[in-house]
Amino acid sequence: MTEDAAPEQPREPGVRERNRAEVMAQIMAAGRRELAEHGADGLSLRAVAREIGMVSSAVYRYVASRDELLTLLIIESYNAVGLAAERAADAGGSAAERFVAIARAVRDWACAHPHEFALVHGSPVPGYRAPEDTVIPGTRVPTAMLGLLIEEYAAGRVSEPPVEQVPAVSQELSEQLDVVRGFFGVEVPDAVLLRGIAAWTQVYGLISFELFGQFANTFEPADDLMEHQFALAAARVGLT
């Protein structure tokens with residue numbers, strides 16, 4: 001390319017590509033509706049094909065199997081809730097406020113998409129094994145939460161809890177935490193990471209209890225309980 005040549009413009013998708021994208025969008029939308037009506041273990045490509053007015057053999061040209069459709073729905077769900085968490089983390093405020101905002105964003109998404117939440121955080125689907133390409137999307141929410149804690153620790157705003165307040169950490173557990181340290185590329189004490197993991201799992205436990213009816217006849221609505229518990233989780237990990 002000469003100096004005077006205009007830079008190459010991105011190629012516009014062709015008709016075939018646009019048509020394929022439109023059909024895939026229809027398949028995904030129908031898959032979400034089938035998921036809501038029949039659950040993950042009742043998901044059927046034949047039913048999806050009927051809903052969008054295609055013969056089942058044609059659908060298989062876009063999605064090879066029920067498991068592939070499940071994988072696409074799982075990745076889509078992880079990315080959607082992950083994006084909500086990341087936007088909340090970037091919204092500003094104190095560290096504690098940002099943590100609560102992340103937890104609130106996850107809860108809001110889960111309440112708006114209960115079937116997708118159940119797909120990725122409910123009972124395993126019989127006969128389905130999630131492939132490796134679901135792993136990175138699945139780390140987006142914990143990365144937002146733990147990343148905030150690690151950021152605050154690195155800045156000296158979160159201290160390691162006193163030894164007498166922390167149960168002993170086994171060698172095996174410490175080595176497992178090395179995977180987390182390696183993911184973030186920082187050295188963080190076991191006790192700090194474990195507090196963060198406790199907060200992350202507490203948030204998901206609370207949301208699961210709410211969505212699956214475990215707070216019935218006690219915390220209905222659960223708004224005040226959730227806000228209190230999210231703030232308590234932030235305080236317990238040392239965020240201010």
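These legends walk through a predicted model, one close-up at a time. Local features need pLDDT of at least 70 and side-chain atom pairs count only at pLDDT 80 or more, while totals for chains, interfaces and linings use all residues. Residues are numbered from 1 along each chain as its sequence is written, and side-chain values use heavy atoms, with hydrogens and water left out.

View 1. Helices (H or I, at least four residues) and strands (E, at least two) are DSSP runs, numbered from the N terminus. Along the sequence, the pattern reads α-α-α-α-α-α-α-α-α-α-α. The C-alpha atoms fill a box of roughly 65 × 65 × 35 Å, taken along the principal axes. Of the 240 residues, 38% are buried; here buried means under 20% relative accessible area, exposed means over 50%, and partly exposed lies in between (1.4 Å probe, protein chains only). Take contacts (heavy atoms within 4.5 Å) between residues at least 6 apart in sequence: 71% of them join residues at least 24 apart.

**View 2. The largest pocket, with about 540 Å³ of space.** Among the 30 residues lining this pocket, Tyr78, Val135, Gly138, Thr139 and Trp200 are the closest to its centre. Two or more lining residues come from each of α4 (66-89), α6 (114-121), α7, α8 (140-154), α9 and α10. Helix α8 supplies the largest share of the pocket lining, 5 residues. Pockets and cavities are found on a 1 Å grid over the protein atoms alone: a pocket is an open set of points with protein on both sides within 12 Å along at least five of seven lines, a cavity is a set where a 1.4 Å probe fits but cannot get out, and lining residues have an atom within 4 Å of a point. Grid points are joined across faces, edges and corners, and a volume is the space filled by probe spheres set on the points.

**View 3. The largest cavity, with about 30 Å³ of space.** The structure holds 1 cavity of 30 Å³ or more. Its lining is made by Phe99, Met145, Leu146, Leu149, Gly196, Ala199, Val237 and Leu239. Helices α8 and α10 are the elements that give two or more residues to this lining, and α8 gives the most, with 3 residues.

**View 4. A nonpolar surface patch formed by Val135, Ile136 and Phe183.** Together these residues have about 300 Å² of accessible area, computed by the Shrake-Rupley method with a 1.4 Å probe, where for residues only the protein chains shown count as cover. Ile136 sits in helix α7 (residues 135-138) and counts as exposed because its relative accessibility is 57%.

**View 5. Ser174 in helix α9 (residues 171-184).** With a relative accessible area of 18%, Ser174 is buried. Leaving aside residues up to four places away in sequence, Ser174 touches Val169, Arg181 and Asp190.

**View 6. Asn217 and Pro221 in the loop between α10 and α11.** Here α10 covers 190-211 and α11 covers 223-236. Asn217 is not a glycine, yet has a positive phi of about 70 degrees. Asn217 counts as exposed, at 74% relative accessibility.

Definitions and conventions: Patch = residues over 30% accessible without salt bridge, like charges linked within 9 Å, V, L, I, M, F, W, Y side chains within 5 Å. Salt bridge = Lys/Arg side-chain N within 4 Å of Asp/Glu carboxyl O.
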